[in-house]
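Hi there,

Here is the structure I promised to pass on to you. My notes on it follow below, and I hope they are handy while you look around.

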Amino acid sequence: MSSATPTLENVDLENDVFAERVPHETFALLRREAPVHWYDWPHGKGFWCVTKHADLVAVHKDTETYSSEVGATALEDLDEEQIVARKSMLDMDPPAHSRLRNLVAQQFTPRTVRTYEAALRELTQVVLDRALPLGEFDFVEEIAKELPIRVLARLLGVPDADTGKLIEWGDRCIGNTDPELAHVLHDSPESDEYRMLPFRSPASLDIFEYGHWLAEQRREDPRDDLVSKLVHAEIDGERLTVQEFDTMFLLLVVAGNETTRQAIAHGMNALMEHRDEWRRLDEDPDLLRKTGADEILRWATPVLHFRRTARRDVELRGTRIRAGDKVVVWYVSANFDEEVFDDPYRFDVGRSPNRHVVFGGGGPHYCLGAHLAKLEVQVMFDMLLPRIADMEPTGPAERMRTNFTNAFKRMPVRVTTR
């Protein structure tokens, strides 16, 4: 933690802060003194910050009070037209959410995910065989981003040659507040032209267009992949609308790639900083499967927050929340809550219990890809660590300018193989 001493009067949760680091001292202050805190957001109507683990879980489970219908990822104030145009599975409450989720849920059950392990190991082998002989490289570019996108391509039925396009478009969407990544910044006047699109990003159009091309192929030649399932699926006797297909395809592309990439990158960064924990995994490889992967996920917390909107007046921890208020649940705070995690700022690959909320706090929106993401982390480090005698940074890791994801853009390293 930093030695800085923030006050409730100067809480700053803007993108520039997170481009430097996660402001853990600010979240510690909020948990201690104002666990339900009103934040005067400079870009629109303010919102309530929910920072305690127990409150985050309560909000997630109470969809009758805290709705996703007005936008789960957007802090901005959306009008009715935008809400309808952008609506994805994330932006729905049951039962509509459940109907869409059930179309693809079977591909992500624990039993199904276990059958992917051999393929994951094969893909990881390819990634490591290509990257490690380089000696010095960008860990994000050569390793962390490679496994998730290759897995995603297999699930969606995307040709391997097209994975680079999906990464670029996804980065432009998720990095819509980073001048290096976004062609049109989210808060720029130019973004009004794209106000109906997810993330206000023109890259959404590229993803939609690619999805249409792939869908057309699967209509004529269905295969055992998620795009074929979506193209031929029916809900109450009706095929998915173009908008439903578009937003589902975009969600799978962005969420299925960026979050696991960051878990892997943060995991390696943590092991380089905490050499004693790296030695523990070397000496007891089973620890990775038992507890280590969950600690990597907690430490990384790839998604920093999500939004809900109060349907009715409600009281949370003694604070009155009005109907229509935005309620932002901060996973990166809940995952370091001192009431839940002993010595939370210690990276401990043997941590047990570990009630992290990386994948949500339960309820209907619990992350669809949770089991797959955890297995990808396990497989990557299970295969990477035995092959390297050492890895060290050759420069500072560079972070994305965003308060939505805990994202490294670059992480230069030097590796010594065994």
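Let me begin with a side chain: that of Thr-112 comes within 2.9 Å of the backbone oxygen of Gln-106. Please keep in mind throughout that this is a predicted model. The Thr-112 side chain also makes a polar contact of 2.9 Å with the side chain of Thr-109. Thr-112 belongs to helix H6, which spans residues 110-114. With a relative accessible area of 15%, Thr-112 is buried, because the cut-off for that label is under 20%. Leaving aside residues up to four places away in sequence, Thr-112 touches Gln-106 and Gln-107.

Next, the sheet. Five strands make up an open sheet with mixed pairing, and their order is S1-S2-S10-S7-S3. Strand S1 (36-39) and strand S3 (66-67) are its edges, each pairing on one side only.

- Strand S2 (residues 47-50) runs parallel to S10, with four bridges between them. Val-50 has Val-329 of S10 as its bridge partner.
- Strand S7 (residues 305-310) is antiparallel to S10, and five bridges join the two. Here His-305 lies opposite Trp-330 of S10.

Further along, S3 and S7 are antiparallel and are joined by two bridges. In that pair, Tyr-66 faces Ala-310 of S7.

Eight of its ten residues are buried, so H2 is largely enclosed by the rest of the structure. The buried residues are His-24, Glu-25, Thr-26, Phe-27, Ala-28, Leu-29, Leu-30 and Arg-31. Their cover includes H1, S1, S10 and helix H16 (331-334).

Helix H1 (15-20), helix H2 (24-33), helix H13 (242-273) and strand S12 (398-399) each contribute at least two residues to the lining. Which of the elements gives the most to it? That is H13, with five residues. Sorted by class, the lining comprises 14 nonpolar, six polar and six charged residues.

Is Arg-218 buried or exposed? It is buried, at a relative accessible area of 3%. Not counting residues up to four places away in sequence, Arg-218 is in contact with Gly-157, Arg-223, Asp-225, Val-227, Ser-228 and His-232. Glu-283 is 65 residues from Arg-218 along the chain, and their C-alpha atoms are 47 Å apart.

Finally, some backbone geometry to check by eye. As background, most residues other than glycine have a negative phi, and most peptide bonds are trans. These are the exceptions I noted:

- Pro-94 and Pro-95 are joined by a cis peptide bond, with omega about 5 degrees. Pro-95 lies in the loop between helix H4 (80-86) and helix H5 (96-104).
- Ser-352 to Pro-353 is a cis peptide bond too, with omega near 0 degrees. Pro-353 is in the loop between H16 and helix H17 (370-384).
- Phe-199 is not a glycine, yet its phi is positive, about 65 degrees. This residue is in the loop between helix H10 (163-174) and H11, and counts as buried at 17% relative accessibility.
- Asp-343, also not a glycine, has a positive phi of about 45 degrees. Asp-343 is in the loop between H16 and H17 and is partly exposed, with a relative accessible area of 47%.

Happy browsing, and do write back with any thoughts.

Methods
Residues are numbered from 1 along each chain as its sequence is written. This is a predicted model: local features need pLDDT of at least 70, side-chain atom pairs count only at pLDDT 80 or more; totals for chains, interfaces and linings use all residues. Side-chain values use heavy atoms; hydrogens and water are left out. Ala, Val, Leu, Ile, Met, Phe, Trp, Tyr, Cys and Pro count as nonpolar, Asp, Glu, Lys and Arg as charged, and the others, Gly among them, as polar. Two strands pair if DSSP finds at least two bridges between them. Buried means under 20% relative accessible area, exposed over 50%, partly exposed in between (1.4 Å probe, protein chains only). Contact means heavy atoms within 4.5 Å. A polar contact is a pair of N or O atoms within 3.5 Å; within protein, one must be able to donate a hydrogen and the other to accept it, and residues adjacent in sequence count only if both atoms are side-chain atoms.
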